[in-house]
Amino acid sequence: MKLHRQYLRLHARYGGDAEGSTTLEEIGRLLECTPRNATNIVREMSRSGWISWEASRGRGKRSVLRFLVQPEEIAAQAMMAAMNRKDMTQAIGELRDYRSASLQEHLQGWLLSYFGHHAEIRSDRRYDTFRLPIRQPLRTVDPLYMNLLAESFVASHVFDGLVRRTQRREEIAPGIAHAWDVDDGRTGWTFHLRKEVLFHHGKVLTADDVVYTFERLVRSTRRTLYGHIYKGISSVRAIDANTVRFTLEEPNELFLPFLCTSRAAIVPKDLNQLGSLRFGHAPLGTGPFKVAEMNEGICVLEAFSSHFQGRAHLDRVEIVHVPWEAVPSGGTDKPHGDGGSGGAAKSGNSGGAALTGGTMDGASGPGAETLSPFHVIHSPSSAERGWSHIHSDTTVRKFVTCNTKKTGPLSDPAERARLFASIGKSVGRSADAAGEPVALQLATITPYRADAEALAAKLGERGYACRVVCVPPEEFKGDVRLASDLILFSSLRDQDEQLRLYDLYLTIAEHVDAHTRIDIEIALRRVDKEADPTVRSFELGKVEQLLIKERQLYILSERPLPTAYLPSVRGVTFNSQGWVNLRTIWFPPKETSIDGG
């Protein structure tokens, strides 16, 4: 790998002509080594057939250096070697200074073979591996501490909840609990657990593990998604080894849907013996896959044979971090959220996958709406080869809200109306931009920096001077919002949409004027007391219309998450976030995948 980089540095310095003249001393200075080491480097490159070297002897004599291999080929070799070592960050880093059509072709070809489905025969048994790329490193899959959609996706395969979503919208099915009851006051919920459910380390799950899981959530001081629901748990206690009773402070019809989310996944009571930090990288759940290896570069999942819903068809899943911002797209850059899939990984005959680098709230990085989170997706250039397409119902909505609680220009409804009108206009210096610019602070999370800067630039053409402030997702619900005038964010519209909207509107209520806040809180009280999900959706829609009418909310875009799969992929189902369920997918033998049979 080092020799590859040295070649690229040499070519960058001397490769402009068919040949160059230099000395070993100059090469040593360029490569930061001694002339003796430079001699060894030149000899090794010559032996590899990369260069020819005509040495000239004598003081002041210059040798002739000829390059026999294109730098794109050497960069691709270096990248492939790094990818084989699972060092994707370094692999993609090799591309930054050597982007070209030729190198892109090498990259795409390698990704076609590297990601996707791979099968091998071991002891007369087929062993199926599925490799998936993700956009951001996985820092933790502990249900309490995770923030990213990538982490939630992994957690959904490592852990189980008491209940789960089904393919039918608003339907909730048994999970670890095979049945449940609720009292007439809708505050007492009793869950009856399956017997002999095993954690990955062989321990049998009991009611004590469920109690520990939710007491851990309630005790936490972290501000997390859905915190308003689990903080409303008055008590949780084990009736016996297989029965758990929750008592809520007051009725909340969002409680049962919350139990379907990855935040409510059940963890073992002996978690403390590992420590929370270690548990985030070496988790123990009851899910269909167990973590065999995890760091910021790769997460390896292996099928858990004793899963209570049956063994997964896949034997191994390798989830690999690829810093996509460093990958050149296959064609012209596309605007954010246009529905294309430029820059996504593809797999050959077995389907590929990609993941947005978004937060659990639904925010994601620039261009992320063009990729489905962990969906099997297609290459547009290969669409004519018989790719079959499916689509989940998930969309991503991007928006800005105003902090009208802060004293400033946006406390004036007329100024908010002018600002929102400016967002909707095409870019170009406007007559109404004359005079002193209106100073605003625009806050967002780090993955949305590019979107915020683009919005700030557009508003700059309309007489606004926007200062962009970016913070990590875990800090976003803190003071930075209350110190800003505008907040840019996004939200997934999936089966958990009502939970997400409730949480979103609670957050917005913290930075709007008192009158609007009261209206929001009254509406949300109706939502969490309403058992009918259709009525809840109607009430949440009324909050949205209120915010739009009061110029507190401006929807920038809403895009579907596109999904496609090859005929050779079977058993494709989606979870509540619209992600492919790895437990159910499988791949027929290669001989039968040619015609999809």
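Hi everyone. Let me start with a definition: on a 1 Å grid over the protein atoms alone, a pocket is an open set of points with protein on both sides within 12 Å along at least five of seven lines, a cavity is a set of points where a 1.4 Å probe fits but cannot get out, and lining residues have an atom within 4 Å of a point. What we have here is a predicted model, where local features need pLDDT of at least 70 and side-chain atom pairs count only at pLDDT 80 or more, while totals for chains, interfaces and linings use all residues. Residues are numbered from 1 along each chain as its sequence is written, and side-chain values use heavy atoms, with hydrogens and water left out.

So, which residues lie nearest the centre of the second largest pocket? They are Ser156, Arg164, Arg165, Asn575 and Asn581, out of 30 lining residues. The space inside is about 640 Å³, a volume being the space filled by probe spheres set on the points, with grid points joined across faces, edges and corners. Two or more lining residues come from each of α7 (149-158) and β6 (163-165). Those labels are DSSP runs numbered from the N terminus: helices are H or I with at least four residues, strands are E with at least two. By type, the lining has nine nonpolar, 17 polar and four charged residues. Here Ala, Val, Leu, Ile, Met, Phe, Trp, Tyr, Cys and Pro count as nonpolar, Asp, Glu, Lys and Arg as charged, and the others, Gly among them, as polar.

Now to the sheets. Five strands make an open sheet of mixed pairing, ordered β18-β17-β19-β16-β20; two strands pair if DSSP finds at least two bridges between them. At the edges, β18 (464-471) and β20 (553-560) each pair on one side only. From one strand to the next, the twist averages 25°. Inside the sheet, β16 (residues 395-402) runs antiparallel to β19 (residues 486-493) over eight bridges, and Lys398 has Ser490 as its bridge partner in β19. Helix α17 (residues 533-549) packs on this sheet, touching β16 and β20, and its direction makes about 130° with that of β20. Contact means heavy atoms within 4.5 Å; axes are lines fitted to C-alpha atoms, for helices over the stretch in contact, and angles run from 0 to 180 degrees between N-to-C directions.

Where do β16 and β19 turn up again? Both give two or more residues to the lining of the second largest cavity, as does α15 (497-509). The share from α15, three residues, is the largest. This cavity holds about 80 Å³, and the whole structure has five cavities of 30 Å³ or more. Among its lining residues are Arg397, Phe399, Ser491 and Glu544.

Last, a helix pair. Helix α12 (residues 413-424) packs against α13 (residues 449-460) at about 105°, with axes 9 Å apart. That makes the two helices, α12 and α13, roughly perpendicular, because angles of 65 to 115 degrees count that way, while under 35 is roughly parallel, over 145 roughly antiparallel and the rest oblique. Leu419, Ser422 and Ile423 of α12 meet Leu455, Lys458 and Leu459 of α13. That contact divides into four nonpolar residues, one polar and one charged.
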